[in-house]
Amino acid sequence: LVVGDATGHGIGPALSVAQARAMVRMGARLNAPIEHIAEHLNAQLCEDLPMGRFITAFIGLLDPATHSIRYAAPGQAPLLIVRADGSYEEFSANAMPLGVDPNLCADIVAPFVLGVGDAFLLLSDGYIEAQAPDNEQFGMERTIASILTALSGTAADIVAAVDRDVRVFVRGQPFGDDQTAVVVKRHA
């Protein structure tokens, strides 16, 4: 599972994310540990990106046998686990964004473990920070409420619910940032 978000807009940031994607894919093909992929990706981006540019990322490995997700989240947050009982946990990034400091030092984190009916969500700030005409943000509280309306459904149902509720909330306002969602839902 990979999500990357580069600072800025346009061709330069798009190329940076394409480069990061290619490096992650190569690391995965070589069966490199996620931590090593993040470290090498960071080192290369520190050499390639101009000062003030960086990429936030989530690099995760889903193990269907244990229902767990091992991950590195340099600069990428929030990470959400919404439990089948309606409770949720919000996790922060475990390292600074990629391309800032060549000595990436990620905090050691336990894998996420999903129980039956639980969902893991990674939503870009384009959802959570979407603004209504009065400049109020959609926010985490509304995001969780949207997720809960569709939690008994599929991952696609959850994304559709959040997307629908954000669009209603902004009342036709243009979005200030991209909207990307990764949802992993455990059914059995």
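Select valine 166 to begin: leaving aside neighbours within four places in sequence, valine 166 is in contact with Tyr127, Ala130, Phe138, Phe175 and Gln179. Contact here means heavy atoms within 4.5 Å.

The model is predicted, with local features needing pLDDT of at least 70 and side-chain atom pairs counting only at pLDDT 80 or more, while totals for chains, interfaces and linings use all residues. Residues are numbered from 1 along each chain as its sequence is written, and side-chain values use heavy atoms, with hydrogens and water left out.

Buried means under 20% relative accessible area, exposed over 50%, and partly exposed in between (1.4 Å probe, protein chains only).

Helices (H or I, at least four residues) and strands (E, at least two) are DSSP runs, numbered from the N terminus.

**Helix 2**

From Ile34, select residues 34-48, which form helix 2. Its buried residues are Ile34, Ile37, Ala38, Leu41, Asn42 and Leu45. They cover an arc of only 130° around the axis, so they sit on the same side of helix 2; the arc is that of the directions from the helix axis to the C-beta atoms. Show helix 1 (11-29), strand 2 (55-63) and strand 3 (68-72) to see what these buried residues pack against. Then turn to the face away from the buried side, where the exposed residues His40 and Glu47 are found.

**Serine 16**

In helix 1, select serine 16. Its relative accessibility is 11%, so serine 16 counts as buried. Apart from neighbours within four places in sequence, serine 16 is in contact with Leu49 and Ile55.

**The whole protein**

Finally, zoom out to the five helices and eight strands of the protein. From the N terminus on, the elements run β-α-α-β-β-β-β-β-β-α-α-α-β. The C-alpha atoms fill a box of roughly 45 × 45 × 25 Å, taken along the principal axes. Buried residues make up 40% of the 188 residues.

Methods. The expected span of a helix is 1.5 Å times one less than its number of residues.
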